[in-house]
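Dear colleague,

Please find the structure below, together with its sequence.

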Amino acid sequence: MAEPNPQSVGIVEPQTLHVAETMPLDCGKTIDRFDLVYETYGTLNADRSNAVLVCHALSGNHHAAGYRSEDDEKPGWWDKCIGPGKMIDTDHFFVVSPANLGGYNGSTGPGSLHPETGRHYGPDFPVLTCSDWVRSQNILREALGIEQWAAVIGGSLGGMQVMQWSIDYPDRIAHAIVIAAAPKLSAQNIAFNEIARQAIITDPEFHDGRYYEHGVVPRRGLMLARMLGHITYLSDDAMRAKFGRDLREGRINYGFDVEFQVESYLRYQGASFVDRFDANTYLLMTKALDYFDPAHETGGSLAKAFAPATARFMVVSFTSDWRFAPERSREIVDALVDAGKQVSYAEVTSDLGHDDFLLTMPHYVHTLRTYLHRVACERDT
Amino acid sequence: MSVPAAPTRAELRPELALISDWIAPETRVLDLGCGDGTLLAHLHAARNVAGYGLEIDADNVIACVAAGVNVLQMDLDDGLSQFESKSFDYVVMSSALQEVMRPDLLIGEMLRIGRESIVTFPNFGHWRPRASLGLRGLMPVSRTLPNRWYDTPNIHLCTVRDFEALCRDKQVEIVRRHVVNHAHQSNVMMRTFPNLLGEIALYQLRGHDTD
């Protein structure tokens, strides 16, 4: 761990909830006995009214803030925004950050052993939806004895889970904070996901998803999937500013090795991802993204889909995000206004792209900190 | 920690206090260019009015969030087509008419979305701007029009007569008119010669298609 930092939640220990019940899934299957791994930051107050649930995105996990050990150099994926005095202020809130079912190195997923067969789930792990995740997170809520989340907050795929919470468990969520999300994927979004999946599935070392038993991982496929994804997380301007056409050796070599800095960056991002992520999980996460469409249940009307919701909504988008552009957030906002729900919307001027939600632009942080401060005040009043 | 109290009528900017008097309790209001959300916060607390504010400035959006006002960060010049017809009881626009690209189209949209609309603007027909331009030959700078010609956001200034001519052309019914001076007071003279003596004009409007 770097310098002791008063703004860090410090060293955190993941916890595990062993769920013994059978949970039905949208695909028609069930999952019997599973683990939900989660971290918590801050302190649950006496009346258990200050709990905030953080929903993670495609490549996230339960380790959202703080450090795993004294020697850990990298904090959790949303450490910039969670901690004492930060946007999600752990001096006021008890933050719960679970790893989604189907994930890697956390909650039960394709890389876990099936309790009956003793084999890795692999391709037998059921395909999950945002509703399934929310259902499992609700089991965690009950286990923690939390009547209602003060807020559920998430970016990207996490924002979709927030919307699902507001629809599926309206009385369990007081505030819904939806960041850089979309009400459903566009054909272009699905197309990118499909290329990522094909890269993984056609890797000779994929072995129909049973690569664990062969002692290999489909490195090339997963790396390509991540490289492709990474392009969609950054804006054209951000890539230009960061790399331009800079050459690694200062000259072109008329070959296919890494020449441009951007190539080097993408290869690094792809290669390091392989070491910390599972290919089957990547497939599952992209499918959950593709399937998300709450309006599908209500004849295409998103306003009708939101009809059960009682939460107050705060929707945030970033101007340079082209993966889930501001127009997509405005679709959410328009539906909420049509449905007569309480909603605020901030469109943050940004440069980086989709990944801006992980960072700390002053207007973004100030807006959400102010919103959450109000949440804390309302609770105390 | 506790929630800051909503402003009382006495704490409102005079123009907003006058507008608030025209809004019935238990109604739905859309406030275009809602600033820091004072009007909506007051209407919610005092009259149980539900509403949304549209605002382009990020710091104002944060002020609205702090006040617990529903605020949507949007540019009025992008249009209001996302709002359903007759989905609000009132659409309010206070001192923003002169800043938008097409005031005529925006008023049309306000009348489509709201059962009634409330519009206020600085009256360029007041004797002071007239005197500045007519006698001194200078673009007016005053308390109600504090900007100079080169840095003003006011791109479509109009007079009371101009505005009423537009209403006639578009068959807009003027339900109420109120003109005040910069201190937001009115008198018989102002009511008799609104275009010459009114500094700020307030209108309550209704579209001709309203049932």
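A:Ser156 sits in the loop between β7 (151–155) and α2 (157–168) of chain A; helices (H or I, at least four residues) and strands (E, at least two) are DSSP runs, numbered from the N terminus. Please note that this is a predicted model, in which local features need pLDDT of at least 70 and side-chain atom pairs count only at pLDDT 80 or more, while totals for chains, interfaces and linings use all residues. Residues are numbered from 1 along each chain as its sequence is written, and chains are lettered from A and ligands numbered from 1 in the order in which they are written.

The annotated site

A:Ser156 counts as buried because 27 C-beta neighbours lie inside 10 Å. By definition, a residue is buried if 20 or more other C-beta atoms lie within 10 Å of its own, exposed if 12 or fewer, and partly exposed in between, with C-beta atoms placed from the backbone. Not counting residues up to four places away in sequence, A:Ser156 touches A:Ala57, A:Leu58, A:Ala180, A:Ala181, A:Phe324, A:His354 and A:Phe357. Two residues are in contact if their C-beta atoms, placed from the backbone, lie within 7 Å.

In an unreviewed entry, UniProt lists A:Ser156, A:Asp321 and A:His354 for "active site". These residues are spread over 199 residues of sequence, yet they cluster in space, with a largest C-alpha distance of 10.7 Å. UniProt positions are given in the numbering used here, feature names are shortened, and annotations may be inferred rather than shown by experiment.

A:His354 is placed in the loop between β10 (343–348) and α10 (362–380) of chain A. With 24 C-beta neighbours inside 10 Å, A:His354 also counts as buried. Residues up to four places away in sequence aside, A:His354 touches A:Ser156 and A:Asp321, and also A:Ala180, A:Thr232, A:Tyr233, A:Arg323 and A:Phe324.

Chain A as a whole

Chain A has 10 helices and 10 strands. Its radius of gyration is 21 Å, close to the 21 Å that the globule rule gives for 381 residues, so chain A is as compact as a globular protein of that length. That radius is taken over C-alpha atoms, and the rule is 2.2 Å times the number of residues to the power 0.38. Of the 381 residues of chain A, 51% count as buried. Among contacts in chain A with a separation of 6 or more, 72% involve residues 24 or more positions apart.

The unreviewed UniProt entry places the feature "domain: AB hydrolase-1" at residues 50–358 of chain A. Over residues 50–358, the chain is 35% helix and 12% strand, and the end C-alpha atoms are 23 Å apart.

Domains and core

Chain A is divided into domain 1 (15–184 + 295–380) and domain 2 (191–285), with bounds that come from an automatic or database domain assignment. The C-alpha centres of the two domains lie 26 Å apart. In the contact between them, 23 residues of domain 1 meet 17 residues of domain 2. The domain 1 side divides into 10 nonpolar, 10 polar and 3 charged residues. Here Ala, Val, Leu, Ile, Met, Phe, Trp, Tyr, Cys and Pro count as nonpolar, Asp, Glu, Lys and Arg as charged, and the others, Gly among them, as polar.

The largest nonpolar core has 161 residues, and those with the most contacts inside it are A:Val52, A:Val152, A:Ala176 and A:Val178. Such a core is a set of buried Ala, Val, Leu, Ile, Met, Phe, Trp, Tyr and Cys residues joined through C-beta atoms within 7 Å. Helix α7 (residues 279–291) of chain A gives the most to this core, with 8 residues. Both domain 1 and domain 2 of chain A give residues to the core, so it lies between them.

Chain B and its contact with chain A

Chain B has 8 helices and 7 strands. Of its 211 residues, 42% count as buried. In all, 16 residues of chain B are in contact with 21 residues of chain A. The elements of chain B that give two or more residues to this side are α3 (58–66) and β3 (71–73). Of these, α3(B) gives the most, with 5 residues. The chain B side divides into 10 nonpolar, 5 polar and 1 charged residues.

With kind regards
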